[in-house]
Amino acid sequence: MATTSMPMRSLAMRRKTRELILSVVLTGMALAVLGLFLMPMVYGIVTAVKTETQFSKTGAPLVPSQRTHFQLRR
Amino acid sequence: MALSPAQPATGTTNPVKTKKSSSKLTKTETRWGLLFLSPWIIGFLLFYVFPMIASFIFSLYDFNPAVPDQAKFIGFDNWTRALTTDPEVPLSFIRTIKFAMISLPIGLGFALYLAVLLNSKNVIGTNLFRTLFYMPSMIPIVATVLIWNGVLNEQTGWINVFIEAVTGIDATGTGGIRWLAEPGLVYYAYTMFGLWGVGGAMVIFLASLQGVPTELYEAAEIDGANWFQRLWKITIPLITPVIFYQLVLGVIGSLQYFLAPFVLNDGTGFPEGTTRFYMVYFYKQSFAFFNMGYGASLAWLMFIVALILTIVLFGTARYWVFYASEER
C-alpha cells in the first residue's frame, strides 16, 4: 500500500507543479499581450496631460516633464 | 362522465367548424404578428429598400445635388464609365482587396488567439483580461485612429521609440520607420488600428469555444492527444460556423473600409495613392465632386461585388464549415 501511494502522491505533485508553471506562463503571456494592446491607450492618457511642446518634441521623455534650465553663476 | 369508445374525444365539436375557427385564429395571429413587426417593416422599407431603389435610379442620371433641376437621364452611361473607362475603379478595388488580404487574416487570427488564450482555465483573472481586451472596442473609431496616428508617428511615436530602445535600430528621426507614409507599411499600420476593434469578435469566439462539449476534450486527452491536436481536430472544426460568420462580416467590412484613410489624409490616398480605397473613391466622387449619379453606380457595383463574394463564401462553406446537427 505504501509503495503505491508514494508514486501517486509524487505524480499528483508533479501535475500540480506543471499546472502552476502553465498558469504562470499563460498569465504572463496574457499580461504581455495586454500591455502591448493597451499601450496606445496609455499613450493617449499621457498625451492628454502634455503641453503641445512636450508632445511634439523629438526625443522628449515619454511622461510629461518640463525642461529644466540651469544658469551658471560667474 | 366517462365517454364510450365509440364517441369521439372531441364530443360534439364539428371538424369543419374547428378548421374554420383555427384559420380565423391563424389570421388573427398573423394580423397581430404583422402589427408587432410593422415598425421594423416600415423602417426597412423607408430606410433600406427605398434608398436602394432611389440610388439605383440616381445611377441612371447625371445628377448633381447642388443643381437637382439639371439632372439628366443618361441610361447606363455611369455604369459603363465605372466598368470600362475609369481606371481608378479597378485600381481602388485592387487596393481594397490587397488591404483586406492583409488585415482580415491578422484580425481574425488575433481575435481567435485572444479567445483561446482567455478561454484557458490556466489563465488567472480571465474575466478582468476579457474586459480589458474588450475595452478599446468601446472607443470611437475616429479617436482610435487619432491615438494610433500618434503612437505610429515616425518622430515621437512610442512604437518607434520602443523599437529603437529594444533593437538599437534607428527607428525614429529622419531615417525612422514611416508607418503611415511608406506604401509598403501603411496597410500594416491600418491593420494595427483595426486590432483595437477585435473585442467584439473575441467575445463571439469565446462564446463558441465555451459551447464545445468538454467530453470531446476528455476523450481526446485519454487517447493521448496533445494541446495542439485538440485545438486543430476538435476546437477549430466545431467553431467553423462562427469563423465563417466572422469571415463573411470581415469581408463585407473590409470592402467598406473608409474611416481611417479619411480621418488621417482626408481621402487623398497618401502615401502614393495606396490608401485611396474603393469607398474613399466613392465618397470623393459623390460628396466632394458631387457626381451623385456616378457615385450611386459605384455603390451599386460594390454591392454586387460584395454579394458575389458572399455567395462564393457560402458556396465554399460546405467544404469546411461543420454544423453539429448536420447529417452528411
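## Buried or exposed

A residue counts as buried when its relative accessible area is under 20%, as exposed when that area is over 50%, and as partly exposed in between. B:Glu88 has a relative accessibility of 13%, so B:Glu88 counts as buried. The model discussed here is a predicted one.

## A charged network in chain B

B:Glu88 forms a salt bridge with B:Arg95. The closest N and O atoms of this pair are 2.7 Å apart. B:Arg95 is buried too, because its relative accessible area of 13% is under the 20% limit. B:Glu88 also meets B:Arg276 in a salt bridge, at 3.2 Å from N to O. This second pair links distant parts of the chain. B:Glu88 sits in helix α3 of chain B, while B:Arg276 sits in the loop between α12 (259–265) and α13 (278–288). The two are 188 residues apart. B:Arg276 is partly exposed, because its relative accessible area of 23% falls between the two limits.

## Around B:Arg95

Setting aside residues up to four places away in sequence, B:Arg95 touches B:Glu88, B:Tyr187, B:Gly273, B:Thr274, B:Arg276 and B:Phe277.

## Another salt bridge

Over all chains, the structure holds 5 salt bridges. One of them joins the side chains of B:Glu154 and B:Arg178, at 3.7 Å from N to O. B:Glu154 lies in the loop between α5 (141–151) and α6 (158–167) of chain B, and B:Arg178 in the loop between α6 and α7 (186–195), so the pair ties together parts that are 24 residues apart in sequence. B:Glu154 counts as partly exposed, at 25% relative accessibility. B:Arg178 is partly exposed as well, at 33%. Elsewhere, B:Glu88, B:Arg95 and B:Arg276 are joined into one network by salt bridges that share partners.

## B:Ser59 inside chain B

Is B:Ser59 buried or exposed? B:Ser59 is buried, because its relative accessible area is 0%, under the 20% limit. B:Ser59 is part of helix α1 (residues 15–59) of chain B.

The side chain of B:Ser59 has polar partners. A polar atom of this side chain lies 2.6 Å from the backbone oxygen of B:Phe56. The side chain also makes a polar contact with the side chain of B:Trp79, at 2.9 Å. Beyond its neighbours within four places in sequence, B:Ser59 is in contact with B:Gly75, B:Asn78, B:Trp79, B:Gly293, B:Ala296 and B:Ser297.

## Where the chains meet

Chain A and chain B bury about 2400 Å² between them. Carbon and sulfur atoms give 81% of this area. A:Phe37, A:Met41 and A:Tyr43 supply 28% of the area that chain A buries against chain B, more than any other three residues. The contact takes 23 residues from chain A and 26 residues from chain B.

How many salt bridges are there between chain A and chain B? The count is 0. There are 4 residue pairs in polar contact across the interface. On the chain A side, α1 (2–48) and α2 (52–56) each supply at least two residues. The largest share, 18 residues, comes from α1(A). By type, the residues on this side divide into 17 nonpolar, 4 polar and 2 charged.

Methods. Residues are numbered from 1 along each chain as its sequence is written. Chains are lettered from A and ligands numbered from 1 in the order in which they are written. This is a predicted model: local features need pLDDT of at least 70, side-chain atom pairs count only at pLDDT 80 or more; totals for chains, interfaces and linings use all residues. Side-chain values use heavy atoms; hydrogens and water are left out. Contact means heavy atoms within 4.5 Å. Buried area is the accessible area (1.4 Å probe) that two parts lose on being put together, summed over both. A salt bridge is a side-chain nitrogen of Lys or Arg within 4 Å of a carboxyl oxygen of Asp or Glu. A polar contact is a pair of N or O atoms within 3.5 Å; within protein, one must be able to donate a hydrogen and the other to accept it, and residues adjacent in sequence count only if both atoms are side-chain atoms. Helices (H or I, at least four residues) and strands (E, at least two) are DSSP runs, numbered from the N terminus. Ala, Val, Leu, Ile, Met, Phe, Trp, Tyr, Cys and Pro count as nonpolar, Asp, Glu, Lys and Arg as charged, and the others, Gly among them, as polar. Buried means under 20% relative accessible area, exposed over 50%, partly exposed in between (1.4 Å probe, protein chains only).
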